[in-house]
Amino acid sequence: MNSPVTDFDFDRCLKACAQGDRRALQALYDHEGARLLGVARRIARDDATAEDIVHDAFIRIWTRAASFDPARGSARGWIYSITRHLALNTIRDTRREAVLDDAHLDISTALHGELDDIDLWSGSAKIYRCLEQLQPAPQRCILHAYVDGCSHAEIAGLLGAPLGTVKAWIKRSLKALRECLE
Amino acid sequence: MNPDTAEALDTLAGEFVLGVLSPEQHAAVTERLGTDPYLRAAVDAWEARLLELTALAAARPPSARLWGRIQRSLSELATPSVKWWQRLGLWQALSTAGLAASVLLTFMLLTTPPPTTQFVVVLVAPSSQAPGWVVQTSDSRMIELIPLGKDAVPEGMALQFWTKGEQWRAPVSLGLVKPGEPYRVPLQSLPPLEANQLFELTLEKSGGSPTGLPTGPVKFIGRAVKVI
């Protein structure tokens with residue numbers, strides 16, 4: 001379990017990157033690289049692909065640092081969003097060609113054992129308390145989607161629930177989470 | 001905005017951030033983000049709400065090679081280059097390519113008339129004009145890239161396949177291609193093929209272009225020709 005990090009100045013780091021300071025990017029890599037790789041690895045389910053994603057993420061952070069707008073969110077959030085969406089795009093491209101049954105098989109194998117992590121959280125962020133208020137199945141939908149990068153169909157396969165039910169659970173959970181976090 | 005619409009928009013934004021939208025919906029939301037400030041604000045809010053869940057993924061120490069790779073890519077980026085579709089020489093080469101295309105097209109039509117083919121593209125090397133690959137559509141959902149020879153690709157590099165319609169702002173990657181091997185691409189995620197649509201293969205690092213846009217030299221290029 002990783003605890004949220006507070007002792008690194010992400011804003012200052014992005015400003016320095018925007019000015020072409022490579023040491024700032026290296027400092028970010030040294031500080032956050034392993035956590036970003038962990039996020040990418042969970043979604044990509046493959047070490048080499050995860051490293052490719054983190055490589056692309058750091059290039060993107062470097063080339064787009066000047067476009068980061070603090071009014072839209074935190075610098076740390078921006079860095080994680082870039083990495084997560086690159087990872088999601090990668091698996092979206094790969095899965096398009098995968099046969100559905102194979103995908104189910106792969107994901108069941110890949111996720112076996114990692115699911116237990118979900119019970120172990122000690123996160124202090126409010127989102128965890130809001131998640132605890134959801135029913136177990138909708139809660140797992142949100143976590144499989146966000147943390148494991150699962151599609152609706154994959155979650156349906158994992159939970160043994162109809163696709164339409166999974167879609168509805170996710171919509172309702174989003175609404176409940178939004179209300180809880182407001 | 002009325003409450004129903006606001007809620008539907010917020011749910012869409014949440015699904016986008018979770019990553020559960022279909023490729024088509026995802027592409028549509030990505031495009032809307034550039035022009036819809038409400039949707040953008042909703043997406044930003046979901047990114048912030050869910051951010052702490054990233055802590056559920058256990059950290060993994062990167063391999064010793066990764067930072068070196070990133071540094072090399074940064075050094076390559078530092079070299080200023082003109083984007084390929086802005087180079088005059090290429091457009092001049094394309095007119096010759098058009099001629100080559102019509103010659104080869106005639107040949108193909110006379111030898112193997114494929115009744116369902118709608119578009120054909122001949123990709124030629126910009127320097128020699130030598131045809132290297134042919135693109136054809138066997139139906140509206142799939143395009144096929146067929147090699148006419150086997151190209152030597154340096155170690156650690158790959159050929160990346162791109163296309164750009166006349167009205168598109170930037171090229172779109174269609175994936176990495178193995179030299180000498182046919183390659184099929186489903187077209188569901190792209191607008192329908194159009195006449196004059198540009199196709200090309202660039203030499204990129206083995207994982208593909210790090211920027212999502214072509215960065216390496218153009219090895220083969222050509223435009224779609226409609227088959228009647």
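A residue counts as buried if 20 or more other C-beta atoms lie within 10 Å of its own, as exposed if 12 or fewer do, and as partly exposed in between, with C-beta atoms placed from the backbone. Everything here comes from a predicted model, in which local features need pLDDT of at least 70, side-chain atom pairs count only at pLDDT 80 or more, and totals for chains, interfaces and linings use all residues. Residues are numbered from 1 along each chain as its sequence is written, while chains are lettered from A and ligands numbered from 1 in the order in which they are written.

**Confidence**

- The model has an ipTM of 0.88 and a pTM of 0.61.
- For chain B the mean pLDDT is 84, and 89% of its residues reach 70 or more; pLDDT is the predictor's confidence in each residue, from 0 to 100.
- Within chain B, H3(B) has the highest confidence, at 95, and helix H5 (residues 88-111) the lowest, at a mean of 76.

**Chain A at a glance**

- Chain A has 9 helices and 0 strands; helices (H or I, at least four residues) and strands (E, at least two) are DSSP runs, numbered from the N terminus.
- Of its 182 residues, 40% count as buried.
- Take the contacts in chain A between residues at least 6 apart in sequence: 65% of them join residues at least 24 apart. Two residues are in contact if their C-beta atoms, placed from the backbone, lie within 7 Å.

**Places to look in chain A**

- Ala16(A) sits in helix H1 (residues 10-18) of chain A, and it is partly exposed because 18 other C-beta atoms lie within 10 Å.
- Leaving aside residues up to four places away in sequence, Ala16(A) touches Asp21(A) and Ala24(A).
- Ala16(A) and Ala66(A) are 50 residues apart along the chain, yet their C-alpha atoms are separated by 9.2 Å.
- Arg45(A) lies in the loop between H2 and helix H3 (47-64) of chain A, and has a positive phi near 60° without being a glycine.
- Helix H8 (residues 152-159) of chain A has buried residues at His152(A), Glu154(A), Ile155(A), Ala156(A) and Gly157(A).
- After H8(A) comes Gly160(A), with a positive phi near 65°.

**Where the chains meet**

- The contact draws 53 residues from chain A and 38 residues from chain B.
- On the side of chain B that touches chain A, at least two residues each come from helix H1 (3-18), helix H2 (23-33), helix H3 (37-50) and helix H4 (65-78) of chain B.
- H4(B) gives the most to that side, with 7 residues.
- That side of chain B has 21 nonpolar, 9 polar and 8 charged residues; Ala, Val, Leu, Ile, Met, Phe, Trp, Tyr, Cys and Pro count as nonpolar, Asp, Glu, Lys and Arg as charged, and the others, Gly among them, as polar.

**Nonpolar cores**

- A nonpolar core is a set of buried Ala, Val, Leu, Ile, Met, Phe, Trp, Tyr and Cys residues joined through C-beta atoms within 7 Å.
- The largest core has 62 residues, of which Ala40(A), Ala145(A) and Ile170(A) touch the most other members.
- Helix H2 (residues 22-44) of chain A gives the most to this core, with 9 residues.
- Ile170(A) has partners in both chains: setting aside residues up to four places away in sequence, it touches Cys141(A), Ile142(A), Ala145(A), Glu15(B), Leu18(B) and Val20(B).
- A second, separate core of 27 residues includes Ala93(B), Ala158(B), Leu201(B) and Ala224(B).

**Strands of chain B**

- In strand S4 (residues 157-164) of chain B, 6 of the 8 residues are buried.
- S4(B) pairs with strand S7 (residues 198-205) of chain B, antiparallel, over 8 bridges; two strands pair if DSSP finds at least two bridges between them.
- S4(B) is also joined to strand S5 (residues 172-177) of chain B by 5 bridges, again antiparallel.
- Thr163(B) stands opposite Phe199(B) in S7(B) and opposite Val172(B) in S5(B).
- Asn196(B), in the loop between strand S6 (183-186) and S7 of chain B, has a positive phi of about 75° although it is not a glycine.
- Asn196(B) is partly exposed, because 13 other C-beta atoms lie within 10 Å.
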